[in-house]
Amino acid sequence: MSTLFVDTINEKTSGNGIQIPGHIVQVVHATNSSQVAVSSTSAYTDLLSCAITTKYANSIIMVQGCVPNYSNNPNGNAWTNSHYIRLNESGGDGIVAGYEHPGPHTSMEFSQVSPVLYISGAKSVGTYTYVIQVVATVGGDTHYFGRTTGSAPSYTRMVVMEIAQ
């Protein structure tokens, strides 16, 4: 086993910093602490956004999210408790991830937490904004995202990380 002692680490060139492949360069996060009600089947609704400005060329970006949802299906129609989730990247590739209609096919009251996970390819230095968006699968029900019950909040959250390569 070897031990490395260092008194000073100098940058490769002025202003570029020190880049170690595979390490997390920075972490940003966002939380939506307000309930969002969605019933539209034609237009996506933005639930939460988070921007990151990369520090290094060729870094990758990892996005993790938590989307709590409740719907009570008062109309009793099939698929009214389900919705589509997608992740939009502005400043980059547009829609980067979609998640198949979480929710049951049958008529029932339903509560769930849908995860969001995305890992990009190599990015240029720039600002990228990630937006979690939802739309109801079929009409007839309202979906509640970030609903508070019994004084316990269930917020929609997102973490965005730049990882050096």
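In strand 8, S90 has T129 as its bridge partner, and Y84 stands opposite V135. These residues belong to a predicted model, in which local features need pLDDT of at least 70, side-chain atom pairs count only at pLDDT 80 or more, and totals for chains, interfaces and linings use all residues. Residues are numbered from 1 along each chain as its sequence is written, and side-chain values use heavy atoms, with hydrogens and water left out. Strands (E, at least two residues) are DSSP runs, numbered from the N terminus. Strand 5 (residues 83-90) and strand 8 (residues 127-136) run antiparallel and are joined by 8 bridges; two strands pair if DSSP finds at least two bridges between them.

Strand 5 also pairs with strand 6 in the antiparallel sense, over 5 bridges. Here L87 has A97 in strand 6 as its bridge partner. Strand 5 and strand 6 form a hairpin with 3 residues between them, and G91 in the turn has a positive phi of about 85°.

Strands of a sheet pair through backbone hydrogen bonds, either parallel or antiparallel. In this model, 4 strands form an open sheet in the order 3-8-5-6, with antiparallel pairing. Strand 3 (45-53) and strand 6 (94-99) are the edge strands, since each pairs on one side only. On average, neighbouring strands of this sheet are turned by 20° against each other, direction ignored; the axes are lines fitted to C-alpha atoms, and angles run from 0 to 180 degrees between N-to-C directions.

## The largest nonpolar core

A nonpolar core is a set of buried Ala, Val, Leu, Ile, Met, Phe, Trp, Tyr and Cys residues joined through side-chain atoms within 4.5 Å. The largest one has 23 residues, and L47, L87 and I132 are among those with the most contacts inside it. The elements that give two or more residues to this core include strand 3, strand 5, strand 6 and strand 8.

Contact means heavy atoms within 4.5 Å. Leaving out residues up to four places away in sequence, L47 touches N32, V36, V67, I132, V134, F145 and T156.

## Q26 in strand 1

Q26 lies in strand 1 (residues 24-32). Q26 counts as buried because its relative accessibility is 16%, and buried means under 20% relative accessible area (1.4 Å probe, protein chains only).

The side chain of Q26 makes a polar contact with the side chain of E162 at 2.8 Å. A polar contact is a pair of N or O atoms within 3.5 Å; within protein, one must be able to donate a hydrogen and the other to accept it, and residues adjacent in sequence count only if both atoms are side-chain atoms. A polar atom of the Q26 side chain also lies 2.7 Å from the backbone oxygen of T53.

Terms used
Buried means under 20% relative accessible area, exposed over 50%, partly exposed in between (1.4 Å probe, protein chains only).
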